[in-house]
Amino acid sequence: MSLPIFLIGARGCGKTTVGEALSQALGYAFTDTDHHLQLSTQRSVAEIVAEEGWEGFRARETQSLRAVTAPRTVIATGGGMVLAEENCRFMQEQGQVIWLSASPEILAERLESEPEAAQRPTLTGRPIADEMSDVLRERAHLYQAAAHHQVDAMQSPERVVEAILLSLSLARA
Ligand code: ADP
Ligand code: MG
């Protein structure tokens, strides 16, 4: 199987961390839609949101998703990728979609301990734990509906990779 593998889930669930490890395990390329967006626009997520609003950001995110999708590639997607049904349909049709699920408490803990936390724009300006609760309440059903497989992302990155390989019946390269 050489279809692209899309990792979806909230900020902090480990899409970048796990995605890189998964790509190495499979001998696949790794790409990140947020990273593509920043390279192609030469701006940070925060700058794009400040200049074009979340709506402008979302439109660019859809373009980035399409641009990075290729066979034998693990694709870490932005946390809000599932907000557009068009993106969900695209990912489901093009490859395998994995939801890395984690509790709001774990997500908040991880995001707070990141040195570059300030670069990640919060949606509401409220405490990160409250915000992650709200985000998951709004989006869990979208992640669930979009994903072919749900994987528990509250284990070590190595175990998350193993769980993904198992769910896809894929062997390491
Ligand atoms: P995302 O790309 O989904 O926003 P990241 O991969 O950037 O998430 O991870 C967010 C933070 O959580 C990073 O500091 C990362 O080191 C940490 N992290 C990611 N996955 C795990 C994990 N399975 N266990 C512990 N910490 C993790
Ligand atoms: Mg990431």
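Biologist: What makes β2 and β3 a pair in this predicted model?

Modeller: β2 and strand β3, residues 73-76, share 4 bridges in the parallel sense. Two strands pair if there are at least two bridges between them, so 4 bridges qualify β2 and β3 as a pair. In β3, I75 is the bridge partner of T31.

Biologist: Why is β2 called an edge strand?

Modeller: β2 (29-32) pairs on one side only, and so does β5 (149-152). The open sheet has 5 strands in the order β2-β3-β1-β4-β5, with parallel pairing. From one strand to the next, the twist averages 25 degrees.

Biologist: How do you know how many disulfides the structure holds?

Modeller: The structure holds 0 disulfides. A disulfide needs two cysteine sulfur atoms within 2.5 Å. The closest cysteine sulfur to that of C13 is in C88, 14 Å away, which is too far for a bond. Seen from C88, the closest cysteine sulfur is the one in C13, again at 14 Å and too far.

Biologist: Are C13 and C88 called buried or exposed, and why?

Modeller: Buried means under 20% relative accessible area. C13 has 2%, so C13 is buried. C88 has 10%, so C88 is buried as well.

Biologist: What about T33: buried or exposed?

Modeller: T33 has a relative accessible area of 1%, so against the cut-off of 20% T33 is buried. T33 has its place in helix α2, residues 33-41. Not counting residues up to four places away in sequence, T33 touches S64, L65, V68, I75, A76, T77, G78 and M81. The C-alpha atoms of T33 and R66 are separated by 9.2 Å, the two residues being 33 apart along the chain.

Biologist: Which residues are closest to ligand 1, and which atoms lie within polar contact distance of its oxygen atoms?

Modeller: Ligand 1 is surrounded by 15 residues, the closest being G12, K15, T16, T17 and Q155. An N or O atom in the side chain of T17 is 2.6 Å from an oxygen atom of ligand 1. For K15, a backbone N or O atom lies 2.8 Å from a ligand 1 oxygen. For C13, a polar backbone atom is 3.4 Å from an oxygen of ligand 1, which is still within the 3.5 Å limit.

Definitions and conventions
Residues are numbered from 1 along each chain as its sequence is written. Chains are lettered from A and ligands numbered from 1 in the order in which they are written. This is a predicted model: local features need pLDDT of at least 70, side-chain atom pairs count only at pLDDT 80 or more; totals for chains, interfaces and linings use all residues. Side-chain values use heavy atoms; hydrogens and water are left out. Axes are lines fitted to C-alpha atoms, for helices over the stretch in contact, and angles run from 0 to 180 degrees between N-to-C directions. Buried means under 20% relative accessible area, exposed over 50%, partly exposed in between (1.4 Å probe, protein chains only). Contact means heavy atoms within 4.5 Å. A residue is near a molecule or strand if one of its heavy atoms lies within 4 Å of it. A polar contact is a pair of N or O atoms within 3.5 Å; within protein, one must be able to donate a hydrogen and the other to accept it, and residues adjacent in sequence count only if both atoms are side-chain atoms.
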